[in-house]
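The sequence and model are shown first.

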Amino acid sequence: MAVYKIGRSPKSDIVLTDGSVSREHAELSETNDGRYSLIDLGSSYGTHIMREGEWRKIKQAVVGPGEPIMLGKHRTTPEQMLKTRGSKPSEPSSSREPAIRRLAAILAADVVGYSRMMGEDEGGTLAALKACRRELFDPMVQRARGRIFKVIGDGILAEFPSVVDAVRCAVEIQGSMLNRAFGPAEKNIVFRMGINIGDVIADGDDLYGDGVNIAARLETLSQPGGLCISGPVFDQIKNKLQLDYEDMGEQTVKNIAEPLRVYRIQSSESGRKLPS
């Protein structure tokens with residue numbers, strides 16, 4: 001059976017130019033019953049399929065030829081992608097406004113055990129996550145002058161004009177989440193978080209680039225309920241926020257060329273311990 005590599009890399013069998021698609025994003029292969037096996041290759045923004053009106057993040061799934069899928073923020077179907085296989089990606093329209101680069105502090109957050117929770121109680125989990133965002137996460141981001149610019153399934157990305165505000169906001173959110181239940185089913189929601197400061201590309205309301213990708217990778221290094229920050233973030237906040245830090249040394253993460261200097265925040269300014 002044929003196997004197709006999907007990504008932004010020119011070496012991919014199916015090349016997608018959307019900035020939210022990783023260079024090596026996913027793999028698509030034919031099955032014996034006319035459907036396709038879709039495997040995420042550790043992409044930055046994830047691979048999602050539509051189930052019962054909701055986008056669900058997957059590591060591997062079997063989908064039909066015309067079934068909606070989302071690679072990063074790029075929506076398509078296996079059938080549509082295969083039609084473009086081997087063709088040269090179209091160049092951006094010259095009438096489109098050029099992308100703008102800027103420096104931003106990026107917070108990446110992801111719900112721990114989301115797929116398991118959805119499998120056990122889909123309705124209760126969705127209600128709990130919505131309540132968490134409505135009652136706690138979104139208001140605290142707004143109070144810190146932040147802006148949520150992307151939500152995919154259980155993943156949330158936010159930008160802040162100040163790295164101090166970003167870290168303080170994340171620490172306060174994690175501290176406020178402890179022993180708190182949300183929604184009618186009173187479920188606990190636990191986030192992993194990562195923060196980076198770096199160059200990003202603004203395209204409309206969305207942001208792309210390594211500044212965002214590194215924040216997403218830092219989140220995967222965090223403990224449930226914890227927070228990891230990059231070396232540049234640490235350099236800017238170490239004398240401004242009274243926090244306890246653990247130097248994790250240099251860490252190698254997928255799709256980032258150079259090792260990252262990573263620090264784990266162990267306690268809030270009030271002295272409350274975070275998972276480490």
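**Conventions.** I worked from a predicted model, in which local features need pLDDT of at least 70, side-chain atom pairs count only at pLDDT 80 or more, and totals for chains, interfaces and linings use all residues. Residues are numbered from 1 along each chain as its sequence is written, and side-chain values use heavy atoms, with hydrogens and water left out.

**Sheet.** I took helices (H or I, at least four residues) and strands (E, at least two) as DSSP runs, numbered from the N terminus. Two strands were taken as paired if DSSP finds at least two bridges between them. I looked up an open sheet of 5 strands and noted its order as E2-E1-E3-E4-E7, with mixed pairing. E2 and E7 (60-63) stand at the edges with a single partner strand each, so one side of each has no neighbour in the sheet.

I then went through the pairings.
- E1 (residues 3-7) runs antiparallel to E3 (residues 26-30) over 4 bridges, and Val3 stands opposite Ser29 in E3.
- E1 also pairs with E2 (residues 14-15), in the parallel sense and over 2 bridges; here Ile6 stands opposite Ile14.
- E4 (residues 36-40) and E7 run antiparallel and are joined by 4 bridges, with Leu38 opposite Ala61 in E7.

**Cores.** I defined a nonpolar core as a set of buried Ala, Val, Leu, Ile, Met, Phe, Trp, Tyr and Cys residues joined through side-chain atoms within 4.5 Å. Buried means under 20% relative accessible area, exposed over 50%, and partly exposed in between (1.4 Å probe, protein chains only). The largest core has 45 residues, of which Val167, Ile189, Phe191 and Ile229 touch the most other members. A second, separate core holds 17 residues, including Val21, Tyr36, Val63 and Leu82. In soluble globular proteins, nonpolar side chains tend to be buried together.

I next listed contacts (heavy atoms within 4.5 Å) for Ile229. Not counting residues up to four places away in sequence, Ile229 touches, among others, Val167, Phe234, Tyr245 and Tyr263.

**Aromatic rings.** Rings of Phe, Tyr and Trp (its six-membered ring) pair if their centres lie within 6.5 Å; planes under 30 degrees apart count as stacked, over 60 as edge-to-face and the rest as tilted. I found 3 aromatic pairs in the structure. Phe234 and Tyr245 are edge-to-face, at 5.1 Å centre to centre and 85 degrees between the planes. Phe234 lies in helix H6 (residues 231-237) and Tyr245 in strand E18 (residues 244-251), so this pair ties together parts 11 residues apart in sequence. Phe234 and Tyr263 are stacked, at 3.9 Å centre to centre with 10 degrees between the planes. That pair links helix H6 to strand E19 (residues 260-267), 29 residues apart. Phe234 counts as buried at 14% relative accessibility, and Tyr263 does so at 12%.

I placed Asp165 in helix H4 (residues 163-177). Asp165 is buried, with a relative accessible area of 16%. Leaving aside neighbours within four places in sequence, Asp165 is in contact with Ala144, Arg145 and Phe160.
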